[in-house]
Amino acid sequence: MAAQIKTQISGENNLGPAEVELNNSALRVHVMPEDQELFGYYQMATRTTPFSAGTGGINGVVGLLVLGEMGNVAVVKQITVSFLLTSAGTGSAGQVTINLVRGKLVTGASPATISGTGANQGTVISPMNSMMDGRKRDSMAIPNAVAIQLAGGTTNTGLVSSAGGAIFTEPFNLATVTFFQGTSVSPTQTITNLDLWNTGAGDVPIVLTSNWDALAITIVQPASSTAQTTDISCLFRWHEMTSYP
Amino acid sequence: MTSQIVGASNNLFPVEVDPNTLAMHTTIRPDDLFGVNAPGGYSVGAASGSMSAGLAAASPIYAFRWTDASRVCLVKKVLLTVGCSGTNFTAGQLLFNMVVGRAWSSGDFNGTLVSPSLPSNRLKSEMASTVLQSIFIANTGTLTAGTRTLDTQPLATVAVSTTSIAGVASSGAQMVPYSFPLFQAAAGDFPLVLTNTGGGEGFLIQATVPATGVWAFSVTTIWEEISVNTGYP
């Protein structure tokens with residue numbers, strides 16, 4: 001029988017070896033975030049009130065994450081949406097559907113010019129208050145991807161390419177959640193931080209690789225009556241690398 | 001004797017070990033689905049329309065069918081949401097089952113086809129297009145059953161009593177919570193593995209609902225595809 005060679009694993013700076021548990025003989029590990037390389041980890045939230053009173057929406061865009069053209073990729077870990085239907089006014093009962101769909105800005109469009117293309121899509125308020133926003137550590141680089149907050153009071157359907165807008169979207173959604181809003185919303189109807197996407201340990205994330213790759217959150221909602229307001233916020237959490245994996 | 005572990009391309013700086021907990025640094029990566037023209041990871045979400053009341057017991061409302069021989073399908077997550085419209089249900093039970101279908105030689109149909117026939121729904125654009133045969137989701141009524149042999153017992157079941165929501169359904173009662181994980185294979189868990197055995201395999205979501213009441217549901221399914229030559233596991 002060949003002799004067994006026992007080797008201990010020592011670290012780069014800590015030359016003391018890693019531990020192996022006494023009873024279950026498992027190697028003791030410390031799970032780290034994926035390597036950010038020269039880039040970083042980012043999280044950003046946006047908020048919009050998509051539809052004015054008396055209008056509804058068919059695939060109105062309420063949130064966007066768009067990859068810029070600096071060349072690195074965005075590894076998207078989590079996208080949540082919060083939905084609030086206020087008690088003001090009397091709503092129209094019906095089915096509400098919120099979707100996550102992959103897309104791409106049309107050639108020549110950019111986050112800064114979305115407001116200039118298509119019809120009825122509202123106005124981009126700002127990609128970010130500052131290009132340095134959203135970093136989870138101050139020393140991290142400026143993100144390549146940007147979360148875009150859309151103006152309220154419109155259907156935002158003009159953003160989708162079928163309406164001559166700025167985004168080509170894929171024909172089927174990546175994720176969908178549906179529910180009903182009622183005619184009387186007292187108490188208010190609230191959904192808080194609903195995961196449209198959540199990459200668990202070992203799950204495949206959504207990876208944006210090409211310039212202007214985008215993820216859009218869209219909503220289909222019945223027309224509302226006077227003074228009823230929908231308030232939607234989106235949260236995007238991602239990190240950036242030169243390539244993935 | 002101690003050794004240090006270095007990487008394939010980073011062969012200069014070895015893995016670190018924490019000085020106090022003596023734990024080796026690691027990162028967790030997903031299954032290796034990222035080669036050029038290799039299969040990949042996919043996700044599809046879809047919603048029904050307003051569903052009819054009083055469906056027959058165990059009516060098929062969602063059908064995910066796999067028939068390809070070159071790849072194996074690993075179902076990782078099936079997320080279900082069910083809500084009630086302004087028409088209340090009578091008192092009773094809503095029951096949703098996820099059931100595996102085998103020897104699936106003819107697909108369920110008559111709902112909305114949401115299969116990503118175009119190169120879409122990839123989690124990374126460079127992944128190969130899916131070869132999934134079909135996803136059908138009910139629109140207003142039950143799907144028409146195909147030819148398949150269902151397991152006797154479901155993989156997962158969620159039951160809801162409508163007595164608890166009577167009178168509040170007009171404000172949009174949520175009967176199955178948003179994106180409820182009907183099936184979920186976390187890290188280290190075994191996924192639902194589908195092959196083309198017997199003409200194909202897949203899963204159904206079946207619904208049993210009381211006599212009155214209008215409702216809608218959505219399903220998001222996340223899966224991976226690997227070459228049959230890779231083997232699993």
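Lys76(B) touches Asp31(B), Phe183(B), Gln184(B), Ala185(B), Pro191(B), Ile222(B), Trp223(B) and Glu224(B), leaving aside residues up to four places away in sequence; a contact here means heavy atoms within 4.5 Å. This is a predicted model, in which local features need pLDDT of at least 70, side-chain atom pairs count only at pLDDT 80 or more, and totals for chains, interfaces and linings use all residues. Residues are numbered from 1 along each chain as its sequence is written, chains are lettered from A and ligands numbered from 1 in the order in which they are written, and side-chain values use heavy atoms, with hydrogens and water left out.

Lys76(B) belongs to strand S5 (residues 71–84) of chain B. Strands (E, at least two residues) and helices (H or I, at least four) are DSSP runs, numbered from the N terminus. Is Lys76(B) buried or exposed? Lys76(B) counts as buried because its relative accessibility is 9%. Buried means under 20% relative accessible area, exposed over 50%, and partly exposed in between, with a 1.4 Å probe and protein chains only.

How far can chain B be trusted? The predictor's confidence in each residue is the pLDDT, from 0 to 100. Chain B has a mean pLDDT of 88, and 94% of its residues reach 70 or more. Over residues 166–171 of chain B the pLDDT is below 50, although this stretch has 16 contacts in the model beyond near neighbours in sequence. Where pLDDT is low, the predicted coordinates should not be read in detail. The model scores ipTM 0.86 and pTM 0.88.

One contact of Lys76(B), Trp223(B), is also part of an aromatic cluster, in which ring pairs link Trp223(B) with Tyr42(B), Tyr62(B), Phe64(B) and Phe203(B). Rings of Phe, Tyr and Trp (its six-membered ring) pair if their centres lie within 6.5 Å; planes under 30 degrees apart count as stacked, over 60 as edge-to-face and the rest as tilted. Over all chains, the structure holds 9 aromatic pairs.

S10(B) pairs with strand S6 (residues 93–106) of chain B in the antiparallel sense over 6 bridges; strands pair if DSSP finds at least two bridges between them. Val158(B) is the bridge partner of Phe96(B).

Some backbone angles deserve a look. Most residues other than glycine have a negative phi, and most peptide bonds are trans. Asn121(B) is not a glycine, yet has a positive phi of about 65 degrees. Asn121(B) lies in the loop between strand S7 (112–113) and strand S8 (134–137) of chain B, and counts as buried because its relative accessibility is 0%. In chain A, the peptide bond from Tyr244(A) to Pro245(A) is cis, with omega near 5 degrees. Pro245(A) lies in the segment after strand S14 (230–241) of chain A.

Chain A has 14 strands and 0 helices. Of its 245 residues, 52% are buried. Val96(A), in strand S6 (residues 94–105) of chain A, is buried, with a relative accessible area of 0%. Among the residues that Val96(A) touches are Phe83(A), Val177(A) and Ile219(A).
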